[in-house]
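Please open the model in a viewer and keep the sequence at hand.

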Amino acid sequence: MKRTSVFLLLVALFLSVGASAQTKEIYTNPAFETLAKQHKTIAILPFEARVGLRPNQMKSMTPERIKEMEKNEGLAVQSALQTYFLKVSSKDDYTVSFQDAATTNALLLKNNITPENIKSFTPAELSKVLGVDGIISGTFSTDKPMSEGASLALGLAVGFYGATNSGKTAINIHDGASGELLWKYEKSLSRGLGSDTGTIITTIMRKASKKFPYSKIKA
């Protein structure tokens, strides 16, 4: 009887620790409901991407080519997020709409905001330029390119892509008026999430969907 009790206690402890570890991946601002009450349109920025190539792969790539590859990877994540939100929005599951990525990128370009200088602008400033109530931004790091264009570029340069697709992504939402961080979701990447940008982002967002702050369906 005592052994059974100890076993059940250990199981309960394990489950509680696991649940705690999962919730730490997601942060929601306690004042979210107040800050985002009037939000109607959200823009998705190109992500900051980092591809951790191996030393022998780096030798075959110029700094300019690596920079371009990472830029394309960031655009691929932006596009994948928009595609995901559009699919879900068609079911009327969100309280906000999402600005078309082409419009977002065109407005950034018109205002001379580039991947090189975008960090010098605050979330509030970017929201004002884009005419939105909030912005989604983030980082995407991986040990090989996921987007089709980036993978092809690397394949042509070095002939192979690497064995795994481990890495990490972080998705942030900032309020356009105050610039405050409203929501943050971090997720480690693994083979189980897929092998291309679209599949990975879709899988990640499905896992976070019930915790996504603009979702009408809450966990």
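Begin by selecting Lys119 and Glu48, whose side chains meet in a salt bridge with an N to O distance of 3.2 Å. Lys119 belongs to the loop between helix 5 and helix 6, and Glu48 to strand 3 (residues 48–51), so this pair ties together parts that are 71 residues apart in sequence. Please bear in mind that the model is a predicted one. Lys119 is exposed, its relative accessible area being 67%, whereas Glu48, at 28% relative accessibility, counts as partly exposed.

Arg50 is partly exposed, with a relative accessibility of 44%.

Next, select Lys168 and Glu186. These two residues form a salt bridge in which the closest N and O atoms are 3.7 Å apart. Lys168 lies in strand 6 (residues 167–175) and Glu186 in strand 7 (residues 181–189), so the pair ties together parts that are 18 residues apart in sequence. Lys168 counts as partly exposed at 40% relative accessibility, and Glu186 is likewise partly exposed, at 28%. Over the whole structure, a search finds six salt bridges.

Turn now to helix 6, residues 123–130. Which residues of helix 6 are buried? They are Leu126, Ser127 and Leu130. These residues cover an arc of only 100° around the axis, which puts them on the same side of helix 6. To view their surroundings, display strand 2 (41–44), helix 5 (101–110) and strand 5 (134–142), against which the buried residues of helix 6 pack. Moving on past helix 6, select Gly131, which follows the helix and has a positive phi, near 65°.

Finally, display helix 4 (residues 63–89) together with helix 5. Their axes come within 10 Å and cross at roughly 140°. Helix 4 and helix 5 are therefore oblique to each other. To see the contact, select Leu75, Gln78 and Gln82 on helix 4, and Ala101, Thr104 and Asn105 on helix 5. Sorted by class, the contact of helix 4 with helix 5 has two nonpolar and four polar residues, with no charged residues.

Note on methods
Residues numbered from 1 in each chain as written. Predicted model: local features only at pLDDT ≥ 70, side-chain atom pairs only at ≥ 80, totals over all residues. Heavy atoms only, no water. Buried < 20%, exposed > 50% of the residue type's maximum accessible area, 1.4 Å probe, protein only. Helix = DSSP H or I, 4+ residues; strand = E, 2+ residues; numbered from the N terminus. Arc of directions from axis to C-beta. Contact = heavy atoms within 4.5 Å. Axes fitted to C-alpha atoms, helices over the stretch in contact; angles between N-to-C directions. Parallel < 35°, antiparallel > 145°, perpendicular 65-115°, else oblique. Nonpolar A, V, L, I, M, F, W, Y, C, P; charged D, E, K, R; others polar. Salt bridge = Lys/Arg side-chain N within 4 Å of Asp/Glu carboxyl O.
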